[in-house]
Amino acid sequence: MKRLLLVFVTLALAVASAKTYRVTLFEHSVLAGTQLKPGDYKLEVKDSKVVITNGRQSAEAPVTVENANEKFASTSVRYNNGDGQYKIKEIRLGGTTMKLVVN
């Protein structure tokens, strides 16, 4: 029983260390080679990577976390539009000063 409790506490701490946000993609978007359909996604930031998930569909990419001088009013996504594809370049998280720059 103690072992089960220890495993549960360890998993809970691991999940709690990741920061979770929401982002809406209005265009077909590409993150680290993965095509994402328009829709609402859960975005998790852990260490130097971001994981974007919507049901079964998910993508993961290395990011650099930067802090702005002021909080962003809303979450926004900036793209590189090459090859006719919208490649996610950075995500600015609303209500925070955090900017995720995709490497």
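Student: Where is the place of Asp 47?

Tutor: Helices (H or I, at least four residues) and strands (E, at least two) are DSSP runs, numbered from the N terminus, and Asp 47 has its place in the loop between β4 (39-46) and β5 (49-54). This is a predicted model, in which local features need pLDDT of at least 70, side-chain atom pairs count only at pLDDT 80 or more, and totals for chains, interfaces and linings use all residues. Residues are numbered from 1 along each chain as its sequence is written, and side-chain values use heavy atoms, with hydrogens and water left out.

Student: Does Asp 47 count as buried or exposed?

Tutor: Buried means under 20% relative accessible area, exposed over 50%, and partly exposed in between (1.4 Å probe, protein chains only); Asp 47 counts as exposed because its relative accessibility is 69%.

Student: What is phi of Asp 47 near?

Tutor: Phi of Asp 47 is near 55°, a positive value in a residue other than glycine. Ala 32, in the loop between β2 (29-31) and β3 (34-36), has a positive phi near 50° and is likewise a residue other than glycine; Ala 32 is exposed, with a relative accessible area of 51%.

Student: Which residue joins its side chain to that of Arg 92 in a polar contact?

Tutor: A polar contact is a pair of N or O atoms within 3.5 Å; within protein, one must be able to donate a hydrogen and the other to accept it, and residues adjacent in sequence count only if both atoms are side-chain atoms. The side chain of Arg 92, a residue of strand β8 (residues 85-92), is joined to that of Glu 90 by such a contact of 2.7 Å, and Arg 92 counts as buried at 19% relative accessibility.
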